[in-house]
Amino acid sequence: MTSAARQLRPAPRQAQLRLATGILCGTCAALIWAGGAVVSRHLVTHHLSPLELTLLRYLGCLPVALTALLWCRSETWRGLSASRILILILLAGPLYQLVVVSGYLYAGAGSGTLLITGLLPIFSLLLAISRGGCGPGRRYLLAIATITTGLILLWQASQHHGSSASNPAWQAWLLFSVAALAWASLNHLVETWQVDSFGLSVILGLTAPLLLPALFMMENLNLRFDAPAADFLIQIAYHGVLVPFLATSLFFAAVKHAGAQLAAALQALSPALAVTLGVVVLNEQLTLWTAIAAAILLSGILAATSAASRTPARS
């Protein structure tokens, strides 16, 4: 090997450092996403309504989004018409956040995250079939079958043991199904339109000025804002800054340093972390049947993520 080739090849220690950095970034992103479910479940069942939490989220997003817009204005809107921006806002903006937060009224942090994360690849597969794309591979179909089995067990647990934090009520299934379908549609459009993920967070954060008048104009809207100040700060900081901006940046840092496949696998660990945090932080009870369903769901989600990450990107 020539000296020039040796210089181009990274040193083993440098490669190990890059890998460790990528794993750390991916784990932190998954932990932030998992913590978001815990924050939503705690706040929506104690002091703040879904509308109030949605409003506070965008109050936190707006300053960061404006700063990012001024920093990289041309990149944020690249290739996006007004109609496309409107579609993205409808799929992942205030309405989506309102549906997700409302779901945590009827499901715990862990079970809610398992539900929406498990439903997402199923809806993604259905959308792929409906638009006549190439058929999924055998490994992906096996992963979907595993996820479906876990979802059936989770449904049976709620039927036999009653609705609780660990066993989602039917309202949670409905709300998280709507959210998963919206997010699967968003993923397809982001891929098709080649939308930058951080730029998408900026665009969605800028919907706050549109959200404020709409909220206050709604009839019979009871915005109390009588919760402790700490709850306001937690929601604004966590869901307004950490989840949409920091977690997204950490995830793409993980892709850069550790590769897309490992980063995706770390992202798929978020439901397991949400279950753990729900038990530790919120004292959510985990029944035997729910634990079995969670284990099957997690294995299917990891398998689906691995299979999808091995599929070549479409041009």
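What follows are my notes on nonpolar packing and aromatic pairs.

I worked on a predicted model, where local features need pLDDT of at least 70, side-chain atom pairs count only at pLDDT 80 or more, and totals for chains, interfaces and linings use all residues. Residues are numbered from 1 along each chain as its sequence is written, and side-chain values use heavy atoms, without hydrogens and water.

Core. I looked up nonpolar cores (buried Ala, Val, Leu, Ile, Met, Phe, Trp, Tyr and Cys joined through side-chain atoms within 4.5 Å). Buried means under 20% relative accessible area, exposed over 50%, partly exposed in between (1.4 Å probe, protein chains only). The largest core has 70 residues, and Leu115, Leu151 and Phe176 touch the most other members. Helix H9 (residues 170-193) supplies the largest share, 11 residues. I took helices as DSSP runs (H or I, at least four residues), numbered from the N terminus. A second, separate core of seven residues includes Ala65, Leu69, Val202 and Leu206.

Surface. I checked Trp170, which is in helix H9. Trp170 is exposed, because its relative accessibility is 55%.

Rings. I paired Phe, Tyr and Trp rings (six-membered ring for Trp) with centres within 6.5 Å; planes under 30 degrees apart are stacked, over 60 edge-to-face, the rest tilted. I got five aromatic pairs. Trp33 and Phe251 are tilted, with centres 6.0 Å apart and planes at 55°. Trp33 lies in helix H2 (residues 12-44) and Phe251 in helix H12 (residues 229-258), so the pair ties together parts 218 residues apart in sequence. Phe251 also pairs edge-to-face with Phe252, at 5.3 Å and 75°. Trp33, Phe251 and Phe252 form one aromatic cluster.

How values were computed
Helix = DSSP H or I, 4+ residues; strand = E, 2+ residues; numbered from the N terminus.
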